[in-house]
Amino acid sequence: YAFDSAPDTEMSESEELLAHGGRIAQNQRRRRHQQQNRARNQNQGDAARVQIMLVHATNGLPGMDPELSRFAPHLRHLSYDNFQLLTRRRARMIVDGERTFDLVGDRTITVSLLTKGPERARLRVQMYRGSQRLIDTTVSVNRNGTFIVAGPRHNDGVIVMPITVSY
């Protein structure tokens, strides 16, 4: 027995053009979708999440806020024995973007995401009291890492700020 899997019918020229046009339209839609995905991924690729925790460090009755437990080994190097989380500030940032956060009193902190690479990000951190600049530093922090800035005096202690960059 001979078996031929090819169809016995032939397409007309107009049917072939119609089928070809459908494949072109499908490919165009696929390319447009891929370009949109690349643009979306690139925008997300430039972004990072920044979290600043305001911690009140004092001396007296030793204690550690449970939400700070992952920072405990680092905080214990400071000359304080009690650490309480006051608040947490979060922002999604893009490269060359900056955000200003209110701290205690009349102080603010401005964080700028300078660069973001596969292994680390560079941030500029500026702290102000009114218009007076108290701190202006640039740090390199590992991807999903934290660095700690010890800041202004506050109620018989000091404000400590773990700053985390996640991406």
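User: Is Arg 124 buried, partly exposed or exposed?
Analyst: This is a predicted model, and the values below are computed from it. Buried means under 20% relative accessible area and exposed means over 50%. Arg 124 has 30% relative accessibility, so Arg 124 counts as partly exposed.

User: Which residue meets Arg 124 in a salt bridge at 2.7 Å, N to O?
Analyst: The side chain of Arg 124 takes part in a salt bridge. The pair links distant parts of the chain, with Arg 124 in strand 6 (residues 120–129) and its partner in strand 7, twelve residues apart. At 2.7 Å, N to O, the partner is Asp 136.

User: Which residues are linked in a network of salt bridges?
Analyst: Asp 136 pairs with Arg 124. Asp 136 also forms a salt bridge with Arg 133, the closest N and O atoms being 2.7 Å apart. Arg 133 is partly exposed at 46% relative accessibility. The network consists of Arg 124, Arg 133 and Asp 136.

User: How far apart are the closest N and O atoms of Glu 119 and Arg 120?
Analyst: Side chains of opposite charge can pair when their charged atoms come close. Glu 119 counts as exposed at 55% relative accessibility. Arg 120 is partly exposed, with a relative accessible area of 39%. The cut-off for a salt bridge is 4 Å, and the closest N and O atoms of this pair are apart by 3.9 Å.

User: How many salt bridges does the count come to?
Analyst: Glu 119 with Arg 120 is one of them. Asp 136 takes part in others, with Arg 124 and with Arg 133. The count comes to four.

User: Which strands stand at the edges of the open sheet of four strands?
Analyst: The sheet has the order 4-5-6-7, with antiparallel pairing. Each edge strand has a single partner strand, so one side of each is left without a neighbour in the sheet. The edges are strand 4 (98–102) and strand 7 (132–142).

User: By what angle are neighbouring strands of this sheet turned against each other on average?
Analyst: The sheet in question is the open one with the order 4-5-6-7. The average ignores strand direction. The value is 20°.

User: Which residue in strand 5 is the bridge partner of Thr 100?
Analyst: Strand 4 and strand 5 (residues 107–116) pair in the antiparallel sense. Five bridges hold this pairing. The bridge partner of Thr 100 is Thr 110.

User: What is the strand order in the open sheet of five strands?
Analyst: The pairing in this sheet is mixed. Strand 2 (63–64) and strand 8 (145–153) stand at its edges, each with a single partner strand, so one side of each is left without a neighbour in the sheet. The order is 2-3-1-9-8.

User: In which sense do strand 2 and strand 3 pair, parallel or antiparallel?
Analyst: Two bridges connect these strands. In strand 3, the bridge partner of Gly 63 is Asn 82. The pairing is parallel.

User: How many bridges join strand 1 to strand 3?
Analyst: Strand 1 covers residues 47–58 and strand 3 covers residues 82–94. The two run antiparallel. Ala 47 stands opposite Ile 94. The number of bridges is twelve.

User: Which residue in strand 9 is the bridge partner of Phe 147?
Analyst: Strand 8 and strand 9 (residues 157–166) run antiparallel. Seven bridges join them. The partner of Phe 147 is Ile 163.

User: Which residues touch the most other members of the largest nonpolar core?
Analyst: This core has 25 residues. The elements giving two or more residues to it are strand 1, strand 3, strand 5, strand 6, strand 7, strand 8 and strand 9. The residues asked for are Ile 52, Ile 109, Val 111, Leu 123, Phe 147, Met 161 and Ile 163.

User: How many residues are in the second, separate core?
Analyst: Its members include Val 55, Ala 57, Leu 85 and Val 158. The number of residues is eleven.

User: What percentage of the residues in the chain is buried?
Analyst: The chain has two helices and nine strands. It counts 167 residues. The buried share is 34%.

Note on methods
Residues numbered from 1 in each chain as written. Predicted model: local features only at pLDDT ≥ 70, side-chain atom pairs only at ≥ 80, totals over all residues. Heavy atoms only, no water. Pairing = 2+ DSSP bridges. Axes fitted to C-alpha atoms, helices over the stretch in contact; angles between N-to-C directions. Buried < 20%, exposed > 50% of the residue type's maximum accessible area, 1.4 Å probe, protein only. Core = buried A, V, L, I, M, F, W, Y, C linked by side-chain atoms within 4.5 Å.
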